[in-house]
Amino acid sequence: MFEKFEMDYANLPKYIFIAVIIIAIVILNIYFVKAYTSSNNEVIVDYSLRDDDINPSREAAVAGLFYPADVYQLHQDIENYLAMVPPSLNKRPHILIVPHAGYLYSAQVAAHAYQKILPFKKQIKKVFLLGPSHRVPLNNLALSSAANFKTPLGEVKVNKKITAELASKPNFAINDKAHKNEHALEVQLPFLQKTLEKFSIIPILYGNTTPQKIATALKPYLEQNDSLLIISADLSHYLDYDTASEIDKETASMVEQNQAIDEHRSCGATGINAALLLAKALGFKPHLLDITNSGNITGDMNSVVGYAAWMFNRQPSETPKLSALEQETENLRFFAKHNKTDLQNIVKQALEHAVVNKQFTPNRDNYPDVLFNKGASFVTLTRKGELRGCIGSLLPSRAIALDIADNAFQAALKDSRFSPLSAEELKDTDFNISLLTGYERIRCQNEEELLSQIKPEIDGLVIRDGDRQGLFLPSVWKQLPNKKEFLTNLKIKAGLSPTYWSDKMKIYRFRTVEINNED
């Protein structure tokens, strides 16, 4: 046992040397691993700027102050605000004016505006955000170089193309300092994220500038149907409840009447006035959606802030009210459009039966019920461009399906001016259906006054004097385009002298809607 111990002791220097070598290797490996893991594969000579280095994100500045920082709470709050506003069908808003206070005070008002864009969430692609700079004095309009603006709900992309276009214009400049802590635009973003789908923003802050400069710059963009302008503005500040209510009511009336407002009425008067200039230029009309003040929320009536929301949308151009005759013509056009094929089929079958001396009677089982409403019609036959028969009804005394079938039969066989239509002729015979409106009396003192009231190519005319009567369809204008000749020939058709005039003569106009076999 002692001999073995002595032999191990004799090899001790050898063991110490081996241990030192192992420790050295471990130290070298630790150094190597540390150096290796602290380096990337890339080398610095290949360095290039990333998009985030050039265009960093604009971080949320007032989350947790003006609105919830918690994503779930923010999501739920906006859902609740929007749900409180009854949905309505409107024309698409092109401009919204919304407040920019904390959500506790003004979000329920803003929701009235944002609810209006929900039906157009896929259509609106570019949102111009315009608001006053509260923290940084400005003598121009401040744009942002950020690639996106962040909120707890995610990132909102900034439209770099339009930002660059505006930055090249007078009165605009990139100013990230103005945007860094500004709340007027940021509070709008969560609402936009909840109401639109794929969109970008163009954030613009203003200071000492004019509404005209803003309107001139933004007008070309607002003419595009995928753009929306949001004006961030509160109303009166720190007045007592009754005074504020009265002033804000006056402000609302001025905006509705497109009258410019002064600075004491709104923290955002310049933006509102720019919206009014754009409304005048583009045919938009403002509509007040909601108005209140902080007193209704806090109960403090001594010092309140006012809030309101407006929507601007395009107004339809004024169209003159249709006369009874014009409205009947429009109704007939719809009727002809939806029943053209069946009406053509009735005439075809009526003519096929007529040439074998049979009369075709449409059956209710084979045609829509509306074809058995009463109506008046003419059926005109032509062959090789020449008139071959024309018979019609002046008044709606029977079902239009029966009227057309009988008139086609009569035009083929019973027009006294022509011999009966043969089966051989049928193959190259064309037809035209004229659906007649009611009649409108033309009152006039003499022939000159009558001629001044006639509308060529539009009016059909009926003249009646005693037992004499003549009718020309509007299609006759193709052969007689001159009003004097048209009336003269109509008199002759009625069995009257071309120069005849009597105060007892009655003249009526009517209109027709045409359907031919080639339609």
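A: Start with a strand pair: S16 and strand S19 (residues 506–510) are joined in the antiparallel sense over 3 bridges. The model is a predicted one: local features need pLDDT of at least 70, side-chain atom pairs count only at pLDDT 80 or more, and totals for chains, interfaces and linings use all residues. Numbering runs from 1 along each chain as its sequence is written, and side-chain values use heavy atoms, with hydrogens and water left out.

Q: What makes S16 and S19 a pair?
A: Two strands pair if DSSP finds at least two bridges between them. S16 and S19 have 3 bridges, so they meet the rule. Within this pair, arginine 441 stands opposite tyrosine 508 in S19. Strands here are DSSP runs (E, at least two residues), and helices are runs of H or I with at least four, numbered from the N terminus.

Q: How do you know that S17 pairs, and with which strands?
A: S17 and S19 share 5 bridges in the antiparallel sense. S17 and S18 also pair antiparallel, over 5 bridges. Isoleucine 463 has isoleucine 507 of S19 as its bridge partner, and valine 462 has leucine 471 of S18.

Q: What order do the strands of the open sheet take, and which are the edge strands?
A: The order is S16-S19-S17-S18, with antiparallel pairing. The edge strands are S16 (440–442) and S18, as each pairs on one side only. From one strand to the next, the twist averages 25°. The hairpin of S17 and S18 has 2 residues between the strands, and its glycine 466 takes a positive phi near 65°.

Q: How does H17 lie relative to S17 and S18?
A: H17 lies across both strands and runs at about 135° to S18. The angle compares N-to-C directions on a scale of 0 to 180 degrees, using axes fitted to C-alpha atoms, for helices over the stretch in contact (heavy atoms within 4.5 Å).

Q: What makes S17 mostly covered?
A: Of its 6 residues, 5 are buried. Buried means under 20% relative accessible area, exposed over 50%, and partly exposed in between (1.4 Å probe, protein chains only).

Q: Why is serine 377 called buried?
A: Its relative accessible area is 0%. That is under the cut-off, so the residue counts as buried. Serine 377 is in strand S12. Among the residues that it touches are Ile391, Asp403, Asn407 and Leu435.

Q: Why do tyrosine 238 and asparagine 357 count as exposed?
A: Tyrosine 238 has 59% relative accessibility, and asparagine 357 has 62%. Both values are over 50%, so both residues are exposed. Tyrosine 238 sits in strand S9 (residues 237–239); asparagine 357 is in the loop between H13 and S12. Neither is a glycine, yet phi is positive: near 60° for tyrosine 238 and about 60° for asparagine 357.

Q: What separates a pocket from a cavity?
A: On a 1 Å grid over the protein atoms alone, a cavity is a set of points where a 1.4 Å probe fits but cannot get out; a pocket is an open set with protein on both sides within 12 Å along at least five of seven lines. Lining residues have an atom within 4 Å of a point.

Q: What volume does the largest pocket have, and what lines it?
A: The volume is about 1,100 Å³. Of its 38 lining residues, Thr380, Leu387, Ser475, Val476 and Gln479 are the closest to the centre. S13 gives the largest share, 5 residues. By class, the lining has 13 nonpolar, 14 polar and 11 charged residues.

Q: What lines the second largest pocket?
A: It has 16 lining residues, with Leu332, Phe335, Lys374, Gly375 and Leu436 nearest the centre. Its volume is about 260 Å³. H13 supplies the largest share, 4 residues.

Q: How many cavities of 30 Å³ or more are there, and which residues line the largest?
A: The search finds 1. The largest cavity holds about 40 Å³ of space. Its lining includes Pro99, His100, Tyr103 and Phe191. Helix H5 (residues 103–114) gives the largest share, 4 residues.

Terms used: Points joined across faces, edges and corners; volume = space filled by probe spheres on them. Nonpolar A, V, L, I, M, F, W, Y, C, P; charged D, E, K, R; others polar. Lists of a residue's contacts leave out its neighbours within four places in sequence.
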